[in-house]
Amino acid sequence: MSINEQIKDLMARLPLAEEVWWKLQGSRKTWSSHFKLEGIRAVLPGAVTDVEQLAQPRLQAKKVLVFATLHYWIEQAALIALALRGQGHQLSLVYLPYSDWDKEHSRFDLKRQDLYARDVFKPTESVMKVKSLFRDTIAAQKNPYKSCPPELEAAVKKISAYDTMYTRQVETVDENDPLYQLRLKRNSHAAIALLDLLQAEKPDVLVVPNGTILEMGVAYKVAQFLGIKTVTFEFADQRERIWLAQDAEIMTHETHELWDALGNQPLPAKARQALMDLYAARKNAKAWGSFARQWQATAQQGGNETRNELQLDKRPVALLATNVLGDSLTLGRERISASMAAWILGTLEWFAAHPQAQLLVRVHPGELLTHGTSMLELIQGAFPELPENVRLIAPDDPINTYDLVEIADMGLVYTTTVGLEMAMAGVPVIVAGTTHYACKGFTLDPKDWQEYEALLESVSADPLIHRLNASQTEQAWLYAYLFFFEFSLPFPWHLVWLGEDFKAHPMRFVLNPQGQARYAKTFDYLIGEPLNWRERGLARLDEIELEASRAG
């Protein structure tokens, strides 16, 4: 421990040391910690005034508790809490003042960050309760006799493993790993503090980001253990849209109710055109409309040129599209194998023994933005020399994935949406993981490894027989429309563009009649009002022209 850290540790042990430091110096100097709430500090007084002036009384107001950790999620949660207060509900904002999930914080720094956050949120105390859970977690840490029920302890261990997988971008965890130990400690203390808090507060609903990892995942599990209605939310790459899940983890993308309500119908022409425009942008390395992501780095060059470049012959071609190791969309999604890596290596072994078909392994281009183990390393470690019928396509290879889809006779996926897009092209797709678009009638969904190998055998023997018929392809298009356009809901502020979005849609706009016409239902869903997909119908059809105009 450095001298500076030793001094901090000593000060942290002195009663009221941080409070004295904050009054004498901290509150007067420019805040330089990584834990920053400056993005909302300036707008909170005005937002509170808007809530005081525009909040509507509500006969059936709910007692809502919004919980978050990490400064960027806390900022998002604070604005959501204020907006819900503006809908007439009773609100509590609860947070943990952490700046990082994968680094140890000195107690002195945590206390400073806690005091700083309290100072930032002072203006909001006139309209809602604001509570830091920091001291409660310290109390849990000091009490060796306080523990969670066994069911919650098991959940905390699982979440801590997910945290480690997500951070290291791996699929296995060594419980002696310092990161796992850090996450287990923090999650365990948070679980005890949250259990006490929720039992004391008895909210009608808990609203929490993500709900799968970190202390936010712990909050979800604690609320479910206590039988408290819980709503989890996340943001994808689409502006002015939010994903919500009621009593479920949003990143599992449970779309069964959406599909049961709106599936098995013709796709309206306006919806088809919007989806075609989006799909064309995805294929041609362009952004489109409110979708901010550019899905490919290389424009299409055509299937024939790609086939020649990869030196493929006339044998059937299988395209295996990987996910990024440890990505949140792969955590806990194993179905026919122990892990995604085990599925990929097992598939390679099958093709090595079955040279009658060719295999293309497209390693996810997203690996260029990550620091964890690459699927390239795992594959090359297991197969120093690839079988002659296997081609390995690296994340940075200048090959467009949609050119690979064009030449594929079958698709093999874990959870990536490339599987959905292959089905839209009529390609038979075998799904090996648990993903939202599986079991909807247009994919092949083996229950175990034996059934998976049987499907590999039958589809590779005669891909044409297994190609999707017109009805199945149509349903794949319908599902894609529902997922990309209807599953997300209108929302004014996106986590990534929070500052810009709040300037465009300040609290007074969200709470006035125009904003309420657009967002009120979403805020109702956020506090647990039933989300009836059949009643909503294809709600975005009226917005399609606007979406197209944004595409330019």
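Alanine 78 is buried, because its relative accessibility is 0% and the cut-off for burial is under 20%. This residue belongs to a predicted model of a protein chain with 25 helices and 12 strands. Of the 552 residues in the chain, 57% are buried. Among contacts between residues at least 6 apart in sequence, 76% join residues at least 24 apart.

- Alanine 78 lies in helix 5, which spans residues 71-86.
- Apart from residues up to four places away in sequence, alanine 78 touches Ile40, Leu93, Phe121 and Met128.
- Glutamine 475 is part of helix 20, residues 470-486.
- With a relative accessible area of 12%, glutamine 475 also counts as buried, because the threshold is under 20%.
- When neighbours within four places in sequence are left aside, the contacts of glutamine 475 are Trp259, Gly263, Asn264, Gln265 and Phe442.

- Seven strands form an open sheet in the order 3-2-1-4-5-6-12, and the pairing is mixed.
- Strand 3 and strand 12 (489-490) are the edge strands, each pairing on one side only.
- Strand 2 and strand 3 are paired in the parallel sense through four bridges, and valine 94 stands opposite lysine 131 of strand 3.
- Strand 4 (residues 205-209) and strand 5 are likewise parallel, with five bridges between them.
- Leucine 206 stands opposite threonine 230 of strand 5.
- Strand 5 (residues 229-234) is mostly covered, with five of its six residues buried.
- Helix 10 lies across strand 1 (63-69), strand 2, strand 4 and strand 5, and runs at about 160° to strand 4.

- Strand 7 (residues 317-321) pairs with strand 10 (residues 410-413) in the parallel sense over four bridges.
- Leucine 320 has leucine 412 of strand 10 as its bridge partner.

**The buried side of helix 7**

- In helix 7 (residues 134-142), the buried residues are Phe134, Thr137, Ile138 and Ala140.
- These residues lie on the same side of helix 7, because they cover an arc of only 160° around the axis.
- The buried residues of helix 7 pack against strand 2 (90-96), helix 6 (107-120), strand 3 (129-132) and helix 9 (178-201).

- Helix 9 and helix 10 (residues 214-225) pack with their axes 9 Å apart and at an angle of about 40°.
- Helix 9 and helix 10 are therefore oblique to each other, and helix 9 passes helix 10 in a right-handed crossing.
- Helix 9 contributes Arg183, Arg186, Asn187, Ala190, Ala191, Leu194, Leu195 and Leu198 to the contact with helix 10.
- On the side of helix 10, the contact is made by Leu214, Glu215, Val218, Ala219, Val222, Ala223 and Phe225.
- Helix 8 (residues 150-168) packs with helix 9 at an angle of about 140°, and the axes are 9 Å apart.
- This angle makes helix 8 oblique to helix 9, because only angles over 145 degrees count as roughly antiparallel.
- Helix 8 passes helix 9 in a right-handed crossing.
- The residues of helix 8 that meet helix 9 include Leu152, Val156, Ile159, Ser160, Asp163 and Thr167.
- Among the residues of helix 9 that meet helix 8 are Leu179, Tyr180, Leu184 and Ser188.
- Arg183, Asn187, Ala191 and Leu195 of helix 9 take part in the contact with helix 8 and in the contact with helix 10.

Methods. Residues are numbered from 1 along each chain as its sequence is written. This is a predicted model: local features need pLDDT of at least 70, side-chain atom pairs count only at pLDDT 80 or more; totals for chains, interfaces and linings use all residues. Side-chain values use heavy atoms; hydrogens and water are left out. Two strands pair if DSSP finds at least two bridges between them. Helices (H or I, at least four residues) and strands (E, at least two) are DSSP runs, numbered from the N terminus. Buried means under 20% relative accessible area, exposed over 50%, partly exposed in between (1.4 Å probe, protein chains only). Contact means heavy atoms within 4.5 Å. The arc is that of the directions from the helix axis to the C-beta atoms. Axes are lines fitted to C-alpha atoms, for helices over the stretch in contact, and angles run from 0 to 180 degrees between N-to-C directions. Angles under 35 degrees count as roughly parallel, over 145 as roughly antiparallel, 65 to 115 as roughly perpendicular and the rest as oblique. A crossing is left-handed if the near helix is turned anticlockwise from the far one by less than a right angle, and right-handed if clockwise.
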